[in-house]
Amino acid sequence: MKSVYLRNFVATATLVTISFLLTTIAFIGIARSYVINDYQTTMESSAEEVCHLASAVADYDGLHSWSLSMSISSIAHSTGNHIFLTDESGEIVCCSDKRPSCEHIGIRLPETVIEQLSENGRMRRVSTLGTLYPEKRYVVAQPILNREESVIGYAFVTSVSANMFGAWETFLGVAVLVAIGVFTIALVISLFYSKRMARPLDEMAAASRKFARGDFSVRVKQVEDPTDEMGALIESFNKMADSLEKAEARRSEFIANISHELRTPMTTISGFADGILDGTIPKEQEEKYLRSISDETKRLSRLVREMLDVSQMRNRAADPSKRTVFDLTELILQTLLSFESRATKKGLDVDPQLPDQHILVRADRDGITQVIYNLIDNAVKFAAPDSCLTIRLYKDDGKAYVSVKDFGETIPADDLPFIFDRFHKSDRSRSLDKSGVGLGLYLVKAIINSHDEDIAVKSENGETEFVFTLPLAE
């Protein structure tokens, strides 16, 4: 199968060849006409010069003058033409041939030739001039006038085709060599340019083969002009590669999450079930272990549900089309109402420090709702009974800041760098509730980061505070 590079080169070379041939044919025709016309003009100039010379000499020596014959011989030699003079009747009286006795002297031209000269005043034609020449020649003739402007004879300048086209053949030879050189250069440039144009396509093909083998890290190098069609194609291809790489990373991450979290509960369920079936576990303790099996099963169900929620929320938050303008103050108040009974049951004093004016942000409302819910849920869960829980909202430097603060046990400094990692739970400190699966804070950070914003946590002296930012609506 022919490559795009080869097909593009053949198409370009064919186009160059056809265009070059048409241009060359037109150029040759125009140049040929120009060269012939130029030679004919030169012959007419020679005829005029001979007429002037003959007119000057005839006043004192006549058209039969030897000096006039030598002069026109010199002109004929320099121009490569044959020149002769006739009298009024058309008889040749002087010739450029250098023989002592020229064979043309005394020959009378056809009357039609002299009549045409008399009527038109000049002549330009291809003729043998009767029997004067054995082959046709290009003939230019003009009348010779004396001082009284009377015709005393005629001057003829003739040239064989070989002389006329000699200059043209020389010019054509040079033109052909130049044309071959230009054509060769054009093909080489076409070859180079076609190869250069096809290089990104070759890179895309190679990258696609690597994609098929599971390697999504390769990218195609952008061309010099990223705004043209090829640049747009490369940009789209690289974006597709980014999407594939992210999808593969999420798939690997999901598999890692599943492997990490499902191994322990499934091992526990399997071990307890086998113990009950083979009698290792006494009958009187079966209810205890069945309850453990039930708890682990429910935890597996929560794990699967939360992992699906994480995947959906991350994809939604990363989609700019899902972002709208909404009142962050109102959203925080609505979310706080969901924890009223839990906070009351635990004796928590909830202190919402919200501004009087509305603070509008542009973000994914559902995603931010999940962020605020998870942070408040985390604070309610780990706050000490009868302590205070503070939710603060303010804006600064073009951003909205949300702070969720609770008072309880301090998170160890060693755990803080990993607090947002998936499946991370600090068992040594914030372990009042083991029902979570370690995805809440991981989902919070993923949603905030998808908005190109930040979230931070600090914990010291029993006070733990999470703060995240959102872009204000313009």
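Mentor: Start with angles. Axes are lines fitted to C-alpha atoms, for helices over the stretch in contact, and angles run from 0 to 180 degrees between N-to-C directions. Helices (H or I, at least four residues) and strands (E, at least two) are DSSP runs, numbered from the N terminus. Contact means heavy atoms within 4.5 Å. With that, helix α10 (residues 440–450) lies across β11 and β12 and runs at about 30° to β12.

Trainee: What kind of model is this?
Mentor: A predicted one: local features need pLDDT of at least 70, side-chain atom pairs count only at pLDDT 80 or more, and totals for chains, interfaces and linings use all residues. Residues are numbered from 1 along each chain as its sequence is written, and side-chain values use heavy atoms, leaving out hydrogens and water.

Trainee: What makes β7 and β11 edge strands?
Mentor: Two strands pair if DSSP finds at least two bridges between them. The open sheet has 5 strands in the order β7-β9-β10-β12-β11, with mixed pairing. β7 (349–353) and β11 (455–460) each pair on one side only, hence the name. From one strand to the next, the twist averages 15°.

Trainee: How do you know that β10 and β12 pair?
Mentor: Count the bridges. There are 9 between β10 (residues 399–407) and β12 (residues 463–471), and the two strands run antiparallel. The cut-off is at least two, so they pair. Helix α9 (residues 365–382) packs on this sheet, touching β9 (388–396), β10, β11 and β12, and its direction makes about 175° with that of β12.

Trainee: Why is Ser403 called buried?
Mentor: Buried means under 20% relative accessible area, exposed over 50%, partly exposed in between (1.4 Å probe, protein chains only). Ser403 has 4%, so it is buried. Ser403 lies in strand β10 and stands opposite Val467 in β12. Among the residues it touches are Thr390, Ile391 and Phe466.

Trainee: What makes the link between the side chains of Ser403 and Glu465 a polar contact?
Mentor: A polar contact is a pair of N or O atoms within 3.5 Å; within protein, one must be able to donate a hydrogen and the other to accept it, and residues adjacent in sequence count only if both atoms are side-chain atoms. Here the distance is 2.4 Å.

Trainee: How do you know that the buried residues of α3 share a side?
Mentor: In α3 (residues 111–120), they are Val113, Ile114 and Leu117. They cover an arc of only 95° around the axis, which puts them on the same side of α3.

How values were computed
The arc is that of the directions from the helix axis to the C-beta atoms. Lists of a residue's contacts leave out its neighbours within four places in sequence.
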